Amino acid sequence: MRKTESQKIALCGVLGALSVVLLLVGNILQIGTYAAPMLACFLLIPVLEEYGTRYAVMLYAVVSVLSVILVPDKELALFYALVLGYYPALRVRLEGTRGSVLRWAAKFACFNGATVAMYAFLIVVIAPPELVAEFAQEGIAMLVVLLALGNLSFWLFDRALISVTRLYRLKIRPKLKKMF
């Protein structure tokens, strides 16, 4: 079935709104600083699979801008906008890298570089007092442990993206094609 521009825009609009709502719910629950952006990333999969990288990146950009404006927790909003939001589209490109060691090195380099840059930006430019005090109190050793746990979470997130994409391709897409 040929997809019209209005169908593409409608799906992107609905998934974008749902992504912003997920980020707002993550802010309300106070435990969603890292989980809510990961869940919002899963909503890029249908757009990525059906319409390609261009639409997925545009959806990511719109959700990023809206989340930075609307979500009160700037750490959560910036974690989506600067660290994870673009990863599903980037992952498609990185999967073409030969050699699993090189591919994983590139994935972890992107994640760690973006995470360090995001927290540096957050602390230096925005400087929320509670976050600055928390980082000052914890010390370097605890920050290294947190980054290591972040890498474990990122690895699990990558594995989950692969599984959800496979599930979408095998189970959801055929059912949608029958309906429409």
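Which helices are included in what covers the buried residues of helix 8? They include helix 2 (35–42), helix 3 (45–51), helix 5 (74–84), helix 6 (87–94) and helix 7 (100–126).

This is a predicted model, where local features need pLDDT of at least 70, side-chain atom pairs count only at pLDDT 80 or more, and totals for chains, interfaces and linings use all residues. Residues are numbered from 1 along each chain as its sequence is written, and side-chain values use heavy atoms, leaving out hydrogens and water.

**View A. Helix 8 has a kink centred on glycine 139.** The kink is about 105 degrees (the angle between axes fitted to the seven residues ending there and the seven starting there). Helix 8 spans residues 129–179. Helices are DSSP runs of H or I, at least four residues, numbered from the N terminus.

**View B. Helix 2 packs on helix 8.** Their axes (lines fitted to C-alpha atoms over the stretch in contact, with angles from 0 to 180 degrees between N-to-C directions) are 11 Å apart, at about 25 degrees. The two helices are therefore roughly parallel (under 35 degrees). Met38, Cys41 and Phe42 in helix 2 meet residues of helix 8, including Phe157 and Leu161.

**View C. Serine 67 sits in helix 4.** Serine 67 counts as buried because its relative accessibility is 0% (buried means under 20%, with a 1.4 Å probe, protein chains only). Beyond neighbours within four places in sequence, serine 67 is in contact with Leu23, Ala77 and Tyr80 (heavy atoms within 4.5 Å).

Definitions and conventions. Buried means under 20% relative accessible area, exposed over 50%, partly exposed in between (1.4 Å probe, protein chains only). The expected span of a helix is 1.5 Å times one less than its number of residues. Angles under 35 degrees count as roughly parallel, over 145 as roughly antiparallel, 65 to 115 as roughly perpendicular and the rest as oblique.
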